[in-house]
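Please keep the model at hand while reading.

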Amino acid sequence: MTTTDPRTGGQATELQPGGSYRVVGTSPAHHDFVDKVKGSLHYAADWQLPGMLYGRVVRSPLPSARITGLDVAAARALPGVAAVLTAADVPHNKIVERASGGLAELEVTMPVLAQDRVRYFGEPVAVVAAATQQLADEAAELVNVDYEELPGVFDVESALADGAPRVHEVGNTLVSWQIRCGDAAAALAAADVVVEAEYRTQHVEHAYLEPEAGVGWLENGVLTLRVSTQVIEHAATIAQILRLPQSKVRVIAAYMGGGFGGKEDMTVEPFLALLVWRTRQPVRMIWDRQESLAASTKRHPFIMRYRTGASMDGTLTAQQVEILGDAGPYPNLSPRVLFAAAACACGPYRVPNASISSSAVFTNNTPSSAFRGFGAMQVVYGYEGQMDRLAERLGLSRTQVRERNFLAKGDLLPTGDRLDTCVEIGQTMHRALGMLGEPARPSRPGKLVGRGLGCNRHPYGRTIWFRDRASAWLSLQADGTLLIRSGVTDLGAGQAASLCQIAAEVLGAPLDDISIYIGDSALNPPAGGTFATRQLYMSGNAVLNAARELRDRMAPVAADLLGVAPAELEFADGRVRPVAPDAPDAPDAPDAPGVSTAASITLAELAAACDKRSISTAHLSTWRAEAGSFDPRAGQGDTFPDYTYGTHAAEVEVDTETGQVTVLRYAACHDVGRAINPMRVQGQIQGGAMQGLGYALTEDMALQDGHPQAALFADYLIPNAQDYPDVLVDIVESGEGKGPLGARGIGEPPIGNVAATIASAIADAIGARPDQLPMTPERVLGLIDAAASAGRRT
Amino acid sequence: MNKRQIMLTVNGRDHEVWVQPSQTLLDVLHDELGLSDVRYGCGEGLCGTCTVLLDGEPVNGCLTLAVQAVGRQVTTMRGLLGPGDTLHPLQECFLRRGASQCGFCTPGMVLTSLDLVRRHREQGRARPSREEIRYALVGNLCRCTGYTKILDAIEEYADLAAGQ
């Protein structure tokens, strides 16, 4: 458990090491932090090569149109322009995304550059490279495209109506998932009470501060891209687009200036690849902010219809859920997002009879795809809304009705999955509420104060039928220092640094003696991309296993030199020594200076001794996640490896004259299994909660007939330093996660609870619950006015 | 291309650079002088990732023309580093408090808050309160940290500076 710094309301960083670990459970400021505070880290845009050209994408100004003419002559004629490419110049102009693994979705291809048809505002039509950015921008303006506007569909309900314009000939429903257990209809009919509501969420922008960027070049005949990406494995798709062997494409991921899922699909990669391949020169491409806001993928807006049945004591008996997600015009990762939504739609509660359906629907809006939370976060607004409504209907407290239904280890989910790790959701609920302290009073008449909470169950790791794996390579160098190579990409959450801590824990190399090489599809063993809160789980286990296997291989050599059994050794502080007899399991403090270390050898001496015996001190290990399968027809099967549970609590003040919601206090508690680096865990929770507050109250990437309404950060309001209070954090360490040393993932989970928590607090204040996001002053005022006029009528 | 040669003084060193009158200070610092700690984030003065100090005052590099910086002292975050790349005490506070995640906003946060603490000291005022720091940072967006640790770091530095 961490402590709250009473001076600041923030958290102290001097945290107690967890359990008997030396490095895991501490919060060292490691290599990436140091480079970041010096300003010396080189992001994707910070790369220059001789003769480098500058790229620009030409995009559609219409959301649905036929391309009737395309003239690039004027652009090509501009002095300094090196290339103007269109669909005709793309060797294989089809990106096929099978996000569900081909389990259930329509097969719809997405062009790299539109050929005869555009399906959203901002769809790429041509791409330009020129000697300067200014020239590239001018050339892009000179590309002349004739469009014939076509009817489009701009919301999911219209898209599903009879006779709706088709986004693709095959139809407007990309995928439909069904999850069934028991008999929900019968159980609802027999329930003592049924609560019913519809919840709506909006398009949301990731708004990472580093826009999409990268530099590409040719090196030894290999097309090399150094980009801001979460997924270097896109190298295979890029090879396919250019019809190159996969060995001729290399993707390097720079440390990212934020990603949040928005750099999980390709962004600049295919355009850089085409321009580099055609011009044979280095090319840089940076999307400007307007371009990023308008054309990058968004969070799926959801319409969620919930019917929940319960007995008089609050025990849930049934839940029916229908979810529609706006996919935009191309599949991207929508099939998996909507699957996660369905699989998590009942939250951290036991539901014996469930009927859940979710569909991803094509529209001519901006494409939706991955965004921190990935479908499993939108549904929290729905299932927590239902729990609050149920409590109100039955006259129970909000905590009572939840506690009556919390899942426990051994329980079955509606999918038929059995939970095989502990569920500390109740503990997180009490701790989160406890952090709110004494209730505040309204600051003046006309203001109302309310409190709310939101619990969640969020998966970590990929959907289980992908048979996920990650590899890592470790090498003890001759001087006793350690190298780690991993294909992991680093979003800024400490993905690489955590791996160093795990290796340091097992092999005893000091953190300063460890260098880690990440995010290179040619030089690193594959780690499978940073998304789905999977990298601590996957690469953390890969490094843990690699380190343990390497230690096991070297231990007999050390044991021989020290005259003890291999099992009696400890690796710590750059040395190997016999475990002190009085403390076999808990080697506490490192040796004080001056204490003899004669009965030990350094890691350098161990490396030399291994070399003399022809024992390799380098080791590659591949870790495989648990596997399983899902039957989409039966709506039953294996879904995710495990979940992270947590609760947020908030106190808000609502101005009844303006509808303005002010967050007074905010607290978050999650069970992270084990905190590898508590400070970074706090950072994930605080950052996730803040992003969730923007989602709850201000952020809306609204579209009008397919045209984005926010063009700048002046229109799209992400939280600034003044908007919200500090996020108070408490961490539960149950030790029962499936990540390394019992850790659970924490990247995505903490954004999930927020909107539900704020809605719960607003409802507590004004007596009416907002069911549409964002909960703007206009909407809240509308609820207050509606409640007032209903009060007058009765 | 209408370029002219100007002299820019950046982090205490003089640089002769050829620029177009329309080029922003951001573009010249980042692309011509290789100062990757001055970053494009929005190009409209809203996010603060291109913050530099111009004669000690924070400005947005994307809204300042390079020619406007002639004859003035430009300081980027790297200019705060001491001999051998040693960290400035404010940078140490950021490091200790975990105030960077992706790190993209860090230079702007550091330079803006450095100026705030300096102004308070020069004006003989008490060190800035947490609320005053929040107010000073509204033009520096962060999407990763939720601000809490950034505020912790700046308060710690403000205490250190007040004790000097």
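A residue is called buried if 20 or more other C-beta atoms lie within 10 Å of its own, exposed if 12 or fewer do, and partly exposed in between, with the C-beta atoms placed from the backbone. The model is predicted, so to speak of local features pLDDT of at least 70 is needed, side-chain atom pairs count only at pLDDT 80 or more, and totals for chains, interfaces and linings use all residues. Residues are numbered from 1 along each chain as its sequence is written, while chains are lettered from A and ligands numbered from 1 in the order in which they are written.

Helices (H or I, at least four residues) and strands (E, at least two) are DSSP runs numbered from the N terminus. In helix α12 (residues 425–435) of chain A, the buried residues are A:I425, A:T428, A:M429, A:R431 and A:A432. Their cover includes α11, β18, β28, β29 and β32 of chain A, where contact requires C-beta atoms, placed from the backbone, within 7 Å. After α12(A) comes A:G437, with a positive phi near 70°.

Elsewhere in chain A, four strands make up an open sheet of mixed pairing in the order β21-β20-β19-β25; two strands pair if DSSP finds at least two bridges between them. β21 and β25 of chain A are the edge strands, each pairing on one side only, and the twist from one strand to the next averages 20°. Strand β20 (residues 482–486) of chain A pairs with β21(A) in the parallel sense over five bridges, and A:L483 stands opposite A:S515 in β21(A).

Two helix placements can be set side by side, with axes fitted to C-alpha atoms (for helices over the stretch in contact) and angles running from 0 to 180 degrees between N-to-C directions.

| Helix | Partner | Angle |
|---|---|---|
| α1 (residues 31–38) of chain A | α2 (residues 89–97) of chain B | roughly 150° |

The axes of α1(A) and α2(B) come within 9 Å. In this contact, A:F33, A:V34, A:V37 and A:K38 of α1(A) meet B:Q91, B:F94 and B:L95 of α2(B).

For chain B, the assignment, which is automatic or from a database, gives domain 1 (4–80) and domain 2 (83–163). The C-alpha centres of these two domains of chain B lie 21 Å apart, and 15 residues of domain 1 are in contact with 13 residues of domain 2. On the side of domain 1 of chain B that touches domain 2, β3(B) supplies the largest share, three residues.

Definitions and conventions: Contact = placed C-beta atoms within 7 Å.
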